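Dear colleague,

I am passing a structure on to you with this email, and my notes on it follow below. Please read them with the structure open beside you.

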Amino acid sequence: MTAQTITTGRAAAPPVPDPARPRWAGPALAGVLLLALLLYAWGLSANGDANAYYSAAVKSATQSWKAFFFGSLDAGSFITVDKPPMALWLMALSARVFGFNTWSVLLPQALAGVAAVALLHATVRRGFGEAAGLVAALALALTPITVAINRDNNPDTLLVLLLVAAAWATQRAVATGRLRPLLLAAFLVGCGFNTKMLQAFLVLPALALVYLLAARPSLPRRIGHLLAAGVTLAVSSFWWMLVVDLIPAGQRPYVGGSTDNSVWDLVIGYNGLGRILGQGGGGPGGGRGGASFGGASGAGRLFNDIMGGQISWLLPFAVIALVAGLVLVARRGRTDPKLAALVLWGGWLAVHYAVFSFAQGTFHPYYSTAMAPAIAALTGAGAVLLFGAYRRSARWAWVLPSAVAVTGAWAFVLLSRTPSWNPWLRWVVVACTVLAVANLAAARLTRRAGLPVMVAGLVMALLAALSGPAAYAVSAASSRVNGTNPLAGPTTGRGFGPGGGGQGRMVGRDGSAEVMPRFPGGQAPPGGMRDGEGRRFGGPGGQLDQKMISYLEKNRGSARWLVAVSSAQQASSLILRTGEPVIAMGGFTGGDPAMTVAKLQRYVERGELRHVLVNGQGGGFGPDRGNSEVTAWVQQHGTLVSAGEYGGTSDSGAQLYRLS
C-alpha cells in the first residue's frame, strides 16, 4: 500500500503513512547516508590535488571549453588524459562555479558516493525489504576501497554511481515490463562508458540476462526490448568517440594513451584488451604491460595481502548468500523479483570477479570498488533470506550461523596480517563471532531463549562482519589520500597507500620489473622513480625548481605553452603550480608518440612554443623509451639554458632548451 492523499472539498489532508515502511526506516537511512558523507568528505582539504593528473585536466577545463570537451590535460589542448571526460566534466563544472580548489574538485566525488549508497538502498529495498536495503547501504558505505576512492578524483566514483543507477532502472524494467526504464539503464551504462570505457560494460551480461529471464513481457518482446536498449547503449556510449575521431587530427588534441591518435585504439588497446591480456593484448595499443599494484593474477588475487582488506571482507558471506538464496527462491517462478535481483547482483559479482582476478594488464586495487555494490546488495539480501530460512526451517537453521562464522573467521585472518595495527580488534571480532553463533544457536534450539537472545545474536553478527571494514574505512577517512593509487587501512607489505612502507611492482613491456618502495604520504622521492622500462616518473614538477619556473614565465613571450616536457607526470605538476598550459610530449608516463619533429617545428615556427625540457640521458619519451628523433632535433636546433641563467642548480636528469 502506498501513501495516499485524501482530498476534501476545501483542503487536502496530510498524507497517510505507508504501513509497509516502519517508522525507524527513514531515520536509519538518514544515519547511514550521514555516515557515508562523513567518511567521504571529512577533511578533504588535506588531500590537496589528490591525483594531480586529473586535477590538472580539471584546472585546464576551467580555462578552456575546448579542453573541457576533449578532456585535455593542458588548456592548450595538446593531449588528452587517457580516459573519456565525463568524470572530469562533473568536477570541472563544480570548479567553474566555485573556483578551482580541493573542495570544488573532490566534494562532487563524495556526493556521488553518497548518492550511490542511497540508490543501492532503494534498489535492494524494493526486492527484499527495508532491513535488507539498510544492511546493503551500510555495507557499501563502509567498504574500505570505496571510502578511499570516494575521497579521490579518479573516475571510478562516478562509474559506480552510474552502474548502480543502471541496476535500479533495470530492476524497474523487469518489474513493470516497460521499455522506458530499460532504455534508461542502457543510457546510464553508456554514460559509464564515457567515464571509464569498457569497464562499464562488465555489468551488461547481468543486466541483459536478468531482463531476458525475468521480465514480464513475452520472449519476442523481451528480445525486441533488448535490441532497442542495445541501440540506445551504442548511441550513448560511442557518440563522444565518434565526434573526436571524425575531427581532423590537426584541429584537436592527441588522444592520450593511444598509439595512432584515435579513441578507438584507446578503447580496444590501452583501456581494453591491454588491461585484460597484458603485454601484447589489444593490438598495438595493448602491448604496454602493466603495473601489478593488486598483486599477481589468479583466483586468489582479491584475497591477497593487498586486495583482501580493501574489498573481500564480506565476499564469503555474499557468495554463501547468493548460492543459498538461489536455492531458496528457485521455485517461485521466472518473474519473482527476489530471483531476478539475485541473478542481477550475482551476475554482476561473477563477471567482475573473473575479470579482476585474472586480468594480466595494469590493475589497481581501486578498480575493485565496482564490485562493492554487488557484494553489499548480496549481503543485505542474503542476510534477510537466510534469517527467514533460519526461523522457518530446521534444515536451514545452521546456514546463517555458519555464514556468520565464516565471515568472522575471514575477518580475523585479514586483521592478523597486520598484527601491530589495532591488535585488539581481531579479538573483538572473534568474541562477536562466537557470541553471534552461540546466541543464534540458543535462540533456535531453546525456546526459553526467546527474541532478545536472537536479536543479540544478529547484533553481534553485524559487529563481527563490519568491525574490520569500518576500521579500515575510518583509517582511509583520516589519512591523506594517495591520489594515484588510493588504499584504505594499514600497510600490508606491498602496494601503495596511506601509512608509508611497503613495496609495489612496475612491469615493463618486455616483462622486466623492479620493486619500487612506497613513501610516506604516497609521494615519490625528489628525483622521481623509474618504471620497468627505465622511464622516470613521479618526481615533483619534472625536477623544475621555482627559479626555473620563474625563468620560463618571464621568457615565455606570446607562446601558447609555457614549456614542453616528457610526460604528464611532469606536466600536471607544472600546470597546477603555474596555471599555465604545458605540453606533455609523451602522455601519462612518456610512452605516447604524441610529439613528432614536424609538429614541434610547426609550434616553434608559429611562436607557440619556446622551451623544451628533455631527459639528460637522451631517453626522452614515446615508444621504446622515447622519440629519439624529437630529442635529437631539440638538442641540435635548441640552445641549452644553463642553470646560471635562472639562478638554479644543474640537474643531469632535466635539461632545458630554448628554441627560436
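Trp-42 sits in the loop that runs between helix α1 and helix α2, the latter covering residues 52–63, where helices (H or I, at least four residues) and strands (E, at least two) are DSSP runs numbered from the N terminus. With a relative accessibility of 60%, Trp-42 counts as exposed; the classes used here are buried for under 20% relative accessible area, exposed for over 50%, and partly exposed in between, with a 1.4 Å probe and protein chains only.

Please bear in mind that this is a predicted model, in which local features need pLDDT of at least 70 and side-chain atom pairs count only at pLDDT 80 or more, while totals for chains, interfaces and linings use all residues. Residues are numbered from 1 along each chain as its sequence is written, and side-chain values use heavy atoms, with hydrogens and water left out.

Together with Leu-34, Leu-37, Leu-38 and Leu-111, Trp-42 makes a nonpolar surface patch of about 510 Å², and helix α1 (residues 25–41) gives the most to this patch, with three residues. Such patches are made of residues with over 30% relative accessible area and no salt bridge, like charges being joined within 9 Å and nonpolar side chains (Val, Leu, Ile, Met, Phe, Trp, Tyr) within 5 Å; a salt bridge is a side-chain nitrogen of Lys or Arg within 4 Å of a carboxyl oxygen of Asp or Glu. The areas come from the Shrake-Rupley method with a 1.4 Å probe, and for residues only the protein chains shown count as cover.

Turning to the interior, 17 of the 21 residues of helix α16 are buried, so α16 is largely enclosed by the rest of the structure. His-352, which is found in helix α15 (residues 337–358), counts as buried at 0% relative accessibility. Leaving aside residues up to four places away in sequence, His-352 touches Leu-202, Val-203, Ser-357, Ala-370 and Met-371, contact meaning heavy atoms within 4.5 Å.

Gly-224 lies in helix α11 (residues 219–246) and, at 32% relative accessibility, counts as partly exposed. The C-alpha atoms of Gly-224 and Leu-179 are separated by 9.5 Å, although these residues are 45 residues apart along the chain.

As for the protein chain as a whole, its secondary structure comes to 24 helices and nine strands, and 57% of its 660 residues count as buried. The chain exposes about 25600 Å², of which carbon and sulfur atoms supply 63%.

With best wishes
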